Protein chains: 2
Amino acid sequence: MEKPYVVGIDVGGTNTVFGVVDARGVILYSGAIKTGNYPDVNDYITALAKGLKPVIEQAGGTDVIKGIGMGVPNGNYYTGCIECAANLPWKNTVPMAQLLSEKMHIPVSLTNDANAAAIGEMTYGAARGMKDFIVITLGTGVGSGIVIGGNMVYGHDGFAGELGHVIIRRKNGRVCGCGRTGCLETYCSATGVARTAREMLELTNEPSLLRDMQPEDITSKDVFDAAMKNDKMACRIFEITGEILGEAFADFIAFSSPEAIILFGGLAKAGDLIMKPIKRSMDANTLSVFKGKTKLLFSQLKESDAAVLGASALGWEAK
Amino acid sequence: MEKPYVVGIDVGGTNTVFGVVDARGVILYSGAIKTGNYPDVNDYITALAKGLKPVIEQAGGTDVIKGIGMGVPNGNYYTGCIECAANLPWKNTVPMAQLLSEKMHIPVSLTNDANAAAIGEMTYGAARGMKDFIVITLGTGVGSGIVIGGNMVYGHDGFAGELGHVIIRRKNGRVCGCGRTGCLETYCSATGVARTAREMLELTNEPSLLRDMQPEDITSKDVFDAAMKNDKMACRIFEITGEILGEAFADFIAFSSPEAIILFGGLAKAGDLIMKPIKRSMDANTLSVFKGKTKLLFSQLKESDAAVLGASALGWEAK
């Protein structure tokens, strides 16, 4: 009999969240440990195994688990290793998939969080039945998971799909954490939105609800709240953000001509505020042969579950 | 017994060139007809079949031909149709693969010329054994064929891989034939190089061998010839062209992390003149995780044969 469940594990800098998931994408049992408590990766593996045990027991034991999928920053699908992830406690290269599968006696596959999100959309979400699509994660940074011909794009080295780091402004671009300037994520991530707000407050005298705050305290959520109160500046910040995303999406379409681009993560919650300007700009900027062909969609994974679901989807193919 | 040969057909606006090709990429027999002589596509098919017949007979008859591959502007791999190709005599949508296979009783596959070049490199050329690479064709325009995980990227509609039309200059970009501005091919095609030359001659008073010509007559070949005579302006034109290509390549790498980018077509003949600045710029602009990983190569298909070889490579999988 086909084993009916998989385990999804989302490894974040603060928490590691996991769950047992069925074929329809329902998280049946779940748990969590604190990633930051384990500076030694072996202690982390021991704690993770200890946390997983009761959750797997509840589901019926290891015999009903087909595989474990992990979403990890800088996770390399080909090697199963985490390579120099800045926000995780372990330095250098950690053979995470191997360590965990040896401990659990279950096959483990891993990839980075944005790729996990894309596999999650394909397995349980907005991309069911699609063979060509791109998931764009709009969080602290901008990430991406690209699927072409039904396969995740990993590239020759396992690190493909860094669309937050295409250069969208070549002159006087914003400084990026990656050491270059003008990267998409410096404009269109949650932090990029806050940066745009601070720039506007400084460069204009326009009245805005955002002036009631300390500029350095402003978050994308504050910009969203102000926009919902019809604050003109806040609305324009979302317009600008959407315009830039639309410009970038037009170039992505010229590359892989996806059936859909799916928005995932915090900023996607802004709904029409961000979707409408993206759509307008994407249509205006797309090469005519592709115009009107690529759908723009929101993720269909429930945000609180999305990371575990996305990771779990990898578990179905783990070997 | 496996059929030992394929037929490759390169359909250009002026000529249609074809040949019988073996598994090692040797063109055994070849021929040509004038595309422009047949405004009715049915007459074209009749003439093409008549031209193919003796060539296929020489090889041993239709029984030794596994399939026919065609490289055609705007050719759609999925449908086998040519869709609104500006430089071909037939308007609207032409079901070329179907028409020819019904006439010849041999399976026919087609795709656009840049994709055919990529399949040619993978089958017989510089990309043998590679699963992830991009071929950039530097001719009158800039085209591309993208291979990911060993598969040609066609996108959801069959038209993916228009990398000549990513926007490389968002402000005051050059007007492109596609109706937009700032496209890569307005700078980095053969015509783009000539445009850069005209701009420089107009905007500076710098002496140059190129001043001996009528600006509107200057071609990329003239710029190349001047650069080979150490003309400073001509050398700088190649520098600038290479720099812009390197910027674009860095973004392509962020998308699909290819093992190699392969240069094909007229401008690639400039050799180090174009390769060195591309390499320098690509290294300077690439995100650190990818730096130094992607090889930059020249096509290994002999230019006069490349179009037929590339098309023929599709014939091996034609069904």
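The model is predicted, so local features need pLDDT of at least 70 and side-chain atom pairs count only at pLDDT 80 or more, while totals for chains, interfaces and linings use all residues. Residues are numbered from 1 along each chain as its sequence is written, chains are lettered from A in the order in which they are written, and side-chain values use heavy atoms, with hydrogens and water left out.

At the interface, 38 residues of chain A are in contact with 38 residues of chain B, contact meaning heavy atoms within 4.5 Å. The area buried between the two chains is about 3100 Å², with 60% of that given by carbon and sulfur atoms; buried area is the accessible area (1.4 Å probe) that two parts lose on being put together, summed over both. Of the area that chain A buries against chain B, 27% comes from H156(A), R170(A) and F255(A), more than from any other three residues.

Six salt bridges are counted between chain A and chain B, a salt bridge being a side-chain nitrogen of Lys or Arg within 4 Å of a carboxyl oxygen of Asp or Glu. In one between D251(A) and R170(B), the closest N and O atoms are 2.9 Å apart.

On the side of chain A that touches chain B, the elements giving two or more residues are β10 (142-148) and α7 (232-256) of chain A. Helices (H or I, at least four residues) and strands (E, at least two) are DSSP runs, numbered from the N terminus. The most comes from α7(A), with six residues.

Over all chains, the structure holds 22 salt bridges. E239(A) and R280(A) meet through their side chains in a salt bridge of 2.8 Å, N to O. This pair links distant parts of the chain, with E239(A) in helix α7 of chain A and R280(A) in helix α8 (residues 272-285) of chain A, 41 residues apart.
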